[in-house]
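Hello,

Here is the structure I promised to pass on to you. Have a look at it first, and then read my notes below.

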Amino acid sequence: MRKMKDSQIEWVGNIPETWTTELGKHFMSRLDRPVKDDDSVITCFRDGQVTLRSNRREDGFTLAFQEIGYQGIEPGDLVVHGMDGFAGAIGISDSRGKATPVLNVLDTKQNKKYMMYALRNMAYTDVFLALSTGIRIRSCDTSWKKLRALNYALPPLDEQNKIADYLEVKEKQIEDLISKVEAQIVKLKQYKQSVITEVIVNGLDPNSPMKDSGLDWLGQIPKDTDVIGITYILDKNHPYPLGDGDHGLIGPDDYISEGIPYIRVQNLGWGTDLLTDNIVYISEERNNAIKNSTLRPNDILFAKTGATIGKTGIVPSNMPIANTTSHIGKITVSPEYDPKYIFYVLTSFIGYRQFWAIACQKTTRPELAISEMKTIKVLVPKSRETQREIVEYLDGKCKGIDQLIAIKEAKVDRLRQLKKTLIYEYVTGKKEVV
C-alpha cells in the first residue's frame, strides 16, 4: 500500500506521497484564439461532449449562442463550461470551430484527459456548486478566476497518463452498459404504450362486434365505442376545462420549499403517475395571480412543447390544488367520463399520433396550441362501467411494466454512480492503476 499524506485540499483528502499540489494558474492557461467566418459553432454538453452544434443530440444540453464574442476551439482542447461546469459540462473537444466565451478553452502542462477527469470529479462532488454564488457559476470570467485560484492534486505525469487511459477505457465500458440498459427502457416504454393502445382500440372483449371508426389511420373499433371530439368530454361547468399554465409569470425565484405544488414538464411521465420527487412549490399569493391555471384532482396534463410532447400526467387525489407552467396543457373531464380512462387514451398511440400531427405543422420547434387541441379525437366506450374496467385492467398491466422500468432505471443510476466513484478514487489517489 502506498504511503499517503494530507493534501490540504478539503475535497481531496489524503494523496500519495509522490503527488504534489499546485494552484491552477501555475499549470493552466485560458486560450483566446481568433475565429474564421466559416467556423461552425461548438457546444459543450452536460455529459462533457464537446462537439459541433450541428451534431448535437436531442437529449444533450445546449446553450443559446449569441453572434458576438466568439473564440476559436481546436480538437483536443480542454473545455469547461463556465455556467454548467458544475453539472459535468467538462470535456475534450473533438472538432474545430467557434464558441462564445461562456466556454473556458484551456491549455495545460498536465495531461489534458487527466485534468478533464479531475475537473469532472470536482463537478460530481459539488465542489463547483459550493464555490458558486448561486445555483450556477454565473459568468465564465468568474469561473476561470476560480479555476485558476484552486489547488489541484497532481500525480507525476507518467501516472497521469496511466490514470487517464484507464478511466477512458472504464468510462466507455460503463457508458456502453448504460446505453444497452437505456435501450431496454425505451423498448419497455414502447411496449407499455402498445399494451395501452391495444386495449383502448380493441377493448377487453375479443368477441366484441366491431365497426369502422371512420378514421383511415385507426380502422375497426368495438361497436359500443364512439370516436368523439375532445371538446365533448370536457367539464362544461368548469370555467377553463381546456387550458394551459402561467405563460411565464412564474420563474425559479418564485419556488419555495412548501406551499402550492407547481407542476413542470419534468413531473410528467410516459403514462405514469405524476413524478413528485423533484416537485417545486409556489406561495398562495403567487398561485392567486395565476388562478386560471389552477389544477384539481383528476385533471389530465400533457406536455405541449418540443421533444417532451407525448408526456402525460394526471393530478392525484392527494393533491387538492396545484398549478402549472405554460409548457403544460390541462383537461378537466366531465363527470360523465372516467378521467383516468381519458388519460390512457391520450397516453396511447391514439393521443400521441394526434399530438405530433399537430405539433409538426410548426415551422420552428414542435408545439401544441390549446386551440388546436380542440381537434383531437378520443375513443370512448358508451358505458362508464366499461371505461372503469379498462382503467383497472391497464392499471394492473402498467404497474408490472413500470416496476421493470424502475429496476432498469435504478441500474442506470448505479452505473452512473460507479463511473463517478471510479473517477474520484483514481484522481485523488485512493486507488492506483497497476
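How many bridges join strand S17 to S18, and do the two run parallel or antiparallel? Three bridges link S17 (residues 260–263) with S18, and the pair is antiparallel. Please keep in mind that this is a predicted model, where local features need pLDDT of at least 70 and side-chain atom pairs count only at pLDDT 80 or more, while totals for chains, interfaces and linings use all residues. Residues are numbered from 1 along each chain as its sequence is written, and side-chain values use heavy atoms, leaving out hydrogens and water.

(Two strands pair if DSSP finds at least two bridges between them; strands are DSSP runs of E with at least two residues, and helices are runs of H or I with at least four, numbered from the N terminus.) Together they make an open sheet of three strands in the order S18-S17-S21, with mixed pairing. S18 (280–282) and S21 (323–324) each have a single partner strand, so one side of each is left without a neighbour in the sheet.

Best wishes
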